[in-house]
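Here is a short tour of some charged side chains and their partners. Have the sequence and the model open as you read along.

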Amino acid sequence: MSDYKVAFFDVDGTLADNELPRELGIYDRIPESARQALSKLKEVGIEPVIASGRNYEKIADFAELLGVDSVISSNGTYVTFQGKVVASHYLPTDLVKEMIQQFQENQTDFLLETPNEILIYDEDKPLPETILQFLCHCPKEALPPLNIEKVIAEKVAPTALNIHYKHISKASGIEEILQKMGLDSHQALAFGDEENDFAMFEKVGFPIAMGNGNEELKTKARLVTDTVKNDGIWKACVELGLFGEEK
């Protein structure tokens with residue numbers, strides 16, 4: 001029996017094939033082999049957990065279809081374990097206002113993210129008190145100077161950035177899940193492909209990079225598997241002996 005008890009999965013570029021049309025939705029971009037791998041992991045006592053930069057509302061429906069009960073969303077700023085919220089790290093209103101002013105002065109487009117919504121800023125409406133992060137579709141060098149003592153900008157796709165609390169990440173979400181499960185980091189696996197997965201890789205015993213992933217991230221992995229569309233998740237699980245080859 002495997003020593004691993006939990007496996008964390010990034011979504012875009014890891015579970016979901018980003019080369020397929022976005023109009024398909026997340027669940028339909030997840031290869032059948034990956035869906036079966038998550039089911040097999042549960043059968044052998046390894047708990048699958050979604051760990052994504054996306055907000056909880058975007059994840060909840062397809063996580064349920066996959067049979068996944070625990071979610072690290074919005075880059076660790078909102079964490080649920082077996083359907084219950086265990087952590088929520090909202091940005092204070094004064095910091096949100098400061099960042100909005102900087103974006104507007106720099107003419108940088110942005111969106112606001114809460115657990116359940118992606119919002120366009122409207123100065124005539126009160127700011128929600130549940131803002132977890134900002135979303136920007138621009139290269140890092142196009143961002144205005146930010147309050148780097150408190151926030152960090154992470155690339156989550158070639159032209160997409162998430163900006164959130166600097167001390168919060170997928171790694172802190174992993175720590176919260178491991179604490180709930182009474183596990184150590186060496187009992188955890190993680191699958192990822194992009195820059196915002198670096199912190200996650202440092203918190204688990206066995207990090208696995210997708211073949212289509214960030215080249216620098218691959219150097220941090222203990223295993224580089226095949227691409228999403230070529231059954232990378234399934235192949236990694238088989239190679240590690242987590243379950244047999246038969247689908």
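Is lysine 140 buried, partly exposed or exposed? Lysine 140 counts as partly exposed, because its relative accessibility is 40%. Please keep in mind that this is a predicted model. With that said, let us look at lysine 140 and its partner, and then move on to other charged residues.

**Glutamate 195 and lysine 140**
- Lysine 140 forms a salt bridge with glutamate 195, and their closest N and O atoms are 3.0 Å apart.
- Glutamate 195 has 22% relative accessibility, so it counts as partly exposed.

**Aspartate 197**
- The loop between strand S11 (188–192) and helix H5 (198–202) also holds aspartate 197.
- Aspartate 197 counts as buried because its relative accessibility is 0%, and the cut-off for buried is under 20%.
- Its side chain makes a polar contact of 2.6 Å with the side chain of lysine 170.
- Leaving aside residues up to four places away in sequence, aspartate 197 touches Asp10, Lys170, Gly192 and Leu217.

**Aspartate 12 and arginine 54**
- A salt bridge joins aspartate 12 to arginine 54, with 2.7 Å between the closest N and O atoms.
- Here too, distant parts of the chain are linked, as the two residues are 42 residues apart: aspartate 12 lies in the loop between strand S1 (6–9) and helix H1 (32–43), while arginine 54 lies in the loop between strand S2 (47–51) and helix H2 (56–66).
- Aspartate 12 has a relative accessibility of 15% and therefore counts as buried.

**Within helix H6**
- Glutamate 215 and lysine 218 form a salt bridge whose closest N and O atoms are 3.0 Å apart.
- Both residues belong to helix H6 (residues 215–220), where they are 3 residues apart, about one turn of the helix.
- Glutamate 215 counts as exposed because its relative accessibility is 55%, whereas lysine 218, at 17%, counts as buried.

- Salt bridges with shared partners connect Asp12, Arg22, Arg29 and Arg54 into one network.
- The model has 13 salt bridges by the rule used here.

Definitions and conventions:
Residues numbered from 1 in each chain as written. Predicted model: local features only at pLDDT ≥ 70, side-chain atom pairs only at ≥ 80, totals over all residues. Heavy atoms only, no water. Helix = DSSP H or I, 4+ residues; strand = E, 2+ residues; numbered from the N terminus. Buried < 20%, exposed > 50% of the residue type's maximum accessible area, 1.4 Å probe, protein only. Polar contact = N/O pair within 3.5 Å; in protein donor to acceptor, adjacent residues only side chain to side chain. Contact = heavy atoms within 4.5 Å. Salt bridge = Lys/Arg side-chain N within 4 Å of Asp/Glu carboxyl O.
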